[in-house]
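Please look over the sequence and the model shown here before reading on. The paragraphs below are meant to be followed with the coordinates open.

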Amino acid sequence: MLARLKPASQPDFATLLTLPEKPASIAEAEAALRKTVAAREEGQARHIEAGRKLANQPLGQPPQITAKEVDEIGAELAPLFAAEAKAKATRDLELQAFEASIGPALVEPIGKLRTAIDEAIDHLESLLGHGAAFRARAEAAGFDLAKVSRLPGICAPTIERLGLVRAALKHADRA
């Protein structure tokens with residue numbers, strides 16, 4: 001009888017549910033973005049240091065830096081910000097293209113997983129139903145099963161909780 005209750009063999013979900021590796025173009029785009037961020041941060045640090053130097057110049061001494069020079073250093077930041085924004089946009093496009101390419105490929109394996117989960121829940125409900133029916137028969141016979149095992153007593157509440165699991169799965173299907 002137990003052989004009949006065994007679920008059918010399932011696919012190997014560990015290999016079925018895999019993500020492809022990110023293409024090299026994404027790594028290159030991320031490296032380019034890091035490079036532009038570092039350049040922008042370096043430019044900002046120079047501008048901040050120049051501003052501090054200007055603000056802290058002692059009066060009555062020759063200036064170490066002029067406001068014009070600070071403004072020129074600040075003007076050099078605009079292309080750095082633009083390069084960073086361009087690199088970020090390129091990286092984002094690469095990521096979006098990659099994610100768009102893997103989404104359709106995952107529909108079938110995720111569907112198989114969903115089917116396997118439904119079958120497993122059905123199987124578990126069936127087994128729990130046997131326990132709940134046995135408890136009901138024992139109660140009708142006036143026998144307290146709790147003296148032997150509490151397992152049949154938790155079967156009916158567990159079936160109810162499986163309804164919550166089904167509801168969660170149904171909600172996940174809508175996403």
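Predicted model: local features only at pLDDT ≥ 70, side-chain atom pairs only at ≥ 80, totals over all residues.

Two packed helices are described by the angle between their axes and the distance between the axes. For helix α3, which covers residues 24–55, and α4, the axes come within 9 Å and cross at roughly 165 degrees. Because angles over 145 degrees count as roughly antiparallel, α3 and α4 are classed as roughly antiparallel to each other. The crossing in which α3 passes α4 is left-handed. On the α3 side the contact is made by Arg-46, His-47, Ala-50, Gly-51 and Leu-54, and on the α4 side by Ala-67, Val-70, Ile-73 and Gly-74; by type, the residues of this contact are five nonpolar, three polar and one charged.

Helix α4, residues 67–75, also packs with α5, here at an angle of about 15 degrees and with the axes 5 Å apart. Since angles under 35 degrees count as roughly parallel, α4 and α5 are roughly parallel to each other. In this contact Ile-73, Gly-74 and Ala-75 of α4 meet Leu-77, Ala-78 and Pro-79 of α5, and the residues involved comprise five nonpolar, one polar and no charged.

The largest nonpolar core has five residues in all, namely Ile-121, Leu-128, Cys-155, Leu-162 and Leu-169. The elements that give two or more residues to this core are α5 and α6, the latter spanning 151–174, and the largest share, three residues, comes from α6.

Not counting residues up to four places away in sequence, Glu-84 touches Leu-33, Thr-36, Val-37 and Arg-40.

Arg-135 is likewise found in helix α5, which runs over residues 77–140, but Arg-135 is partly exposed, with a relative accessible area of 36%. Neighbours within four places in sequence aside, Arg-135 is in contact with Leu-145, Pro-152 and Gly-153.

Terms used. Residues numbered from 1 in each chain as written. Heavy atoms only, no water. Helix = DSSP H or I, 4+ residues; strand = E, 2+ residues; numbered from the N terminus. Buried < 20%, exposed > 50% of the residue type's maximum accessible area, 1.4 Å probe, protein only. Contact = heavy atoms within 4.5 Å. Core = buried A, V, L, I, M, F, W, Y, C linked by side-chain atoms within 4.5 Å. Axes fitted to C-alpha atoms, helices over the stretch in contact; angles between N-to-C directions. Parallel < 35°, antiparallel > 145°, perpendicular 65-115°, else oblique. Nonpolar A, V, L, I, M, F, W, Y, C, P; charged D, E, K, R; others polar. Left-handed = near helix turned anticlockwise from the far one by under 90°.
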